[in-house]
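Okay, thanks for coming, everyone.

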Amino acid sequence: MHEEGTKAPVIEVRGLTRRFGSRVAVDGLDLTLAAGGCLGLLGPNGAGKSTTVRILSTLLRPTAGEARVLGLDPVADGARLRARIGVVPQDLALYEQLSAAENLAFFARLHGRTGAALDAAVANGLALSGLAERAADRVKTFSGGMKRRLNVAVALVNEPELVFLDEPTVGIDPQSRERIFEMVAALRARGTALVYTSHQLGEVERLCDRIVILDRGRKVAEGTLAELQAHPRVQRRGTAVLRFGSTGEARTALELVERAGAACALEEDQPGLERIFLDLTGRALRDEGEGS
Amino acid sequence: MRAWVLARKDLQVYFRDRVAVLLGFGLPIALATVFAGAMGAIGGGDSVGRVELVVEDRDQSDASRALVEELGRSDGLRLDVLEPGSADTARERVASGDAPAGLSIGAGFADALAKGVELPLVLARDPGKVIEQQIIAGNLIPAFFGALGDALGPRMGARVLETLDFPLVGRERAQTILDDTWQRMESLVGDIEDADEAPADGDPAKRSDEGGASGDFDFATAVGSVLGLQVEDVVGGGEHAELQKRAQQANAVAGMAVMMLLFGLVHCGGTLLQEEADGTLDRLRLAPGSASSILFGKVLFSWIVGLSQLVVLFAYGAALFDVPVLRAPLALFVHSAAVAAAVTGFGVLFAVLARSQKQLEGLSTLVVLTMSALGGSWWPLSITPDWYQFLGHFTLNAWAMDGYQGIFWYEKGLSGILPEIGVLVAIAAVAVFLALRLFERRMSVR
């Protein structure tokens, strides 16, 4: 576990820029992430989210700007930094011919775990990802959701102080997504700082306490959800919601309001598809991959 | 019309893939060049492959010098004449695998020739080099006739009859007929030479074809009897035909082993590209440790796989083809380890050079097949032109084959094949070093 109460920011970025030829992927980005916080990077495809993650996780050199991650320079102190961070890549990065336990053990060994520490890392990873019962099965027999969960668990074998999650829930079932959210919540509970990129607005809203919106490599807005809601470029409309026991009563009320000259409309309560799906299928994980 | 539209699309796609175009056109050209070169078709007739014959003249008479001179004029022979008084002998040179055959002209050769008694001529041969013996035999006949025809000719008939085991009854009459024929042939040859229409001697392919008598007749051995040579197989220590068979089998197993190992280990090296495509390479980069440790992991993995493949293959060869793997087990293991290391180096270097699996497959097919043909995996280098043999030793195949032949055929121990092992280890070191530099550059944070 990590030391609580560290005041220094986990990430400090000033004027971060990355060019690929004439194309600017990240353009003068400023970022700060406090210890134990969760920063959401939101943006459409090509906004520069993954490039930012690759720079901060030591895989890419910035063209310009300064970055300090856990107090270290990602370029100059790459080796030291890599031992303290975890990265969940956007694409699955697993050895499909190996089992879940073998994948976890391999990466734990690379991080220097041996003996009891190695066993503990594997057991934790399996428990966290909900794959203990499929520990000995080859990954190639897993469903997409199971692979995604293992993909996250592998990044955590070294108990990192900071975890980058680059769109970790792409293309999976709601149950597995919920499990990944639980994994993220568990990380937050133990004080691990997180950078979470997604273009799923609901995920970022749910998981992150601070949000940065990127577009074409530039920061468009930053703040908590409340701060973003108060952003001057976000239009706010007053909406009164009145609930009636029946549709007939609602129509009568509507007529009265219309006579008063206000715009109004009748909206019946329609649950979203996600709520319908989860209500109908439950929240239990479905781990019935090809090999089961 | 629709067919043309489809074909045009495929042509556009094909020609935009430069690697595919390079392979489609380059591979046949490269292989055709190698084949043609091996068969001596490049550079005109002068560069046709010559087979080495070591000559040791201990008589130093006019007759012996005339014979050596005539042998030197043979188009199919590359003469290596030992200095008079040299401690080296033709027999030793052949026994050590330096040459396929050696002719020793003993002291008293001229006297024996004049007296018509048995000539002190010994042809030391390496029976494992079957093709070379045919070529040598085919070139000895015209050279002997050219230099010693007047003295040998009249006695040739008797030797031919003896070689053919002609019945004693009637042998005298047959001898008279052959002597008469000899006179006629001499006259005919004179006429042909006068007309400047004499066929060039020493055409190896032609000679060996002519000599390739059917049945059990061994042209290369019969030539010794006909010319009055004492023929001695100085390598192998067994019955001639069995020796040839064993040598060819050992050669084939070693040649194929090296070529297939190259293909296999290029594939092993290719797992590096697979990791890149699967995203696991980035995960490895994110773990503590240097880029070089990732590459060394691949080198170690490929080397273990390669050495295991060789062990299995030679065990199979021993069981089925009597490849003598227990003759020098330590030498065989160390040499195989060096071969696997050199091949591993190549495999990893290719994997680092290529940017995709497709490029790797194309590059490896081109280079492995060319190296195998150049390096003696497909045919003995000793029957190829000098330049070909020179180029061949820039491939690891040639050094690997030399080492295996040294162990299996020339009964050399570890000390006898140290040069080959040294070269292979050097190839491995250079290839791994280059791969490492390229990989570190590719993996550096950029």
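So, over which residues of chain A does pLDDT stay under 50? It's residues 1–6 of chain A, and for those the model has six contacts beyond four places in sequence. Quick reminder: pLDDT is the predictor's confidence in each residue, from 0 to 100. And a contact means two residues whose C-beta atoms, placed from the backbone, lie within 7 Å. Where pLDDT is low, the predicted coordinates should not be read in detail.

Some housekeeping. This is a predicted model, where local features need pLDDT of at least 70 and side-chain atom pairs count only at pLDDT 80 or more, while totals for chains, interfaces and linings use all residues. Residues are numbered from 1 along each chain as its sequence is written, and chains are lettered from A and ligands numbered from 1 in the order in which they are written.

Okay, chain A as a whole. Its mean pLDDT is 86, with 87% of its residues at 70 or more. You'll find 10 helices and nine strands in chain A; those are DSSP runs, H or I over at least four residues for helices, E over at least two for strands, numbered from the N terminus. Chain A has 292 residues, and 38% of them are buried. Buried here means 20 or more other C-beta atoms within 10 Å of the residue's own, exposed means 12 or fewer, and partly exposed is in between, again with C-beta atoms placed from the backbone. If you take contacts in chain A between residues at least 6 apart in sequence, 69% join residues at least 24 apart.

Now let's zoom in on one strand, β7 of chain A, residues 193–198. Why call β7(A) largely enclosed by the rest of the structure? Because six of its six residues are buried. In a regular strand the side chains alternate between the two faces of the sheet. In β7(A), one side has Ala193(A), Val195(A) and Thr197(A), the other has Leu194(A), Tyr196(A) and Ser198(A), and all of these are buried.

Who sits beside β7(A)? Strand β3 of chain A, residues 38–42, runs parallel to β7(A) and is joined to it by five bridges. Strand β6 of chain A, residues 162–166, also pairs with β7(A) in the parallel sense, over five bridges. By pairing I mean that DSSP finds at least two bridges between the strands. Val195(A) has Leu39(A) standing opposite, and Phe164(A) stands opposite Val195(A) too. Then β6(A), helix α6 of chain A (residues 174–189) and β7(A) make a right-handed β-α-β unit. Right-handed means that, with the strands pointing away from the viewer, the path from the first strand over the helix to the second runs clockwise.

Chain A also has an open sheet of three strands, in the order β2-β1-β4, with antiparallel pairing. Its edge strands are β2 (23–33) and β4 (64–69) of chain A, each pairing on one side only. Strand β1 of chain A, residues 11–20, is joined to β2(A) by seven bridges, and Phe20(A) stands opposite Arg23(A) in β2(A). Helix α1 of chain A, residues 49–56, lies across β1, β2 and β4 of chain A, at about 115 degrees to β1(A). For angles, axes are lines fitted to C-alpha atoms, for helices over the stretch in contact, and values run from 0 to 180 degrees between N-to-C directions.

On to chain B. That one has 18 helices and five strands, and 40% of its 446 residues count as buried. Its open sheet has five strands, in the order β2-β1-β3-β4-β5, and the pairing is mixed. The edges are β2 (77–81) and β5 (230–233) of chain B. Strand β4 of chain B, residues 121–125, runs parallel to β5(B) with four bridges, and Val122(B) has Gln230(B) as its bridge partner there. Helix α3 of chain B, residues 62–72, lies across β1 (51–57), β2 and β3 (101–105) of chain B, at about 170 degrees to β1(B).
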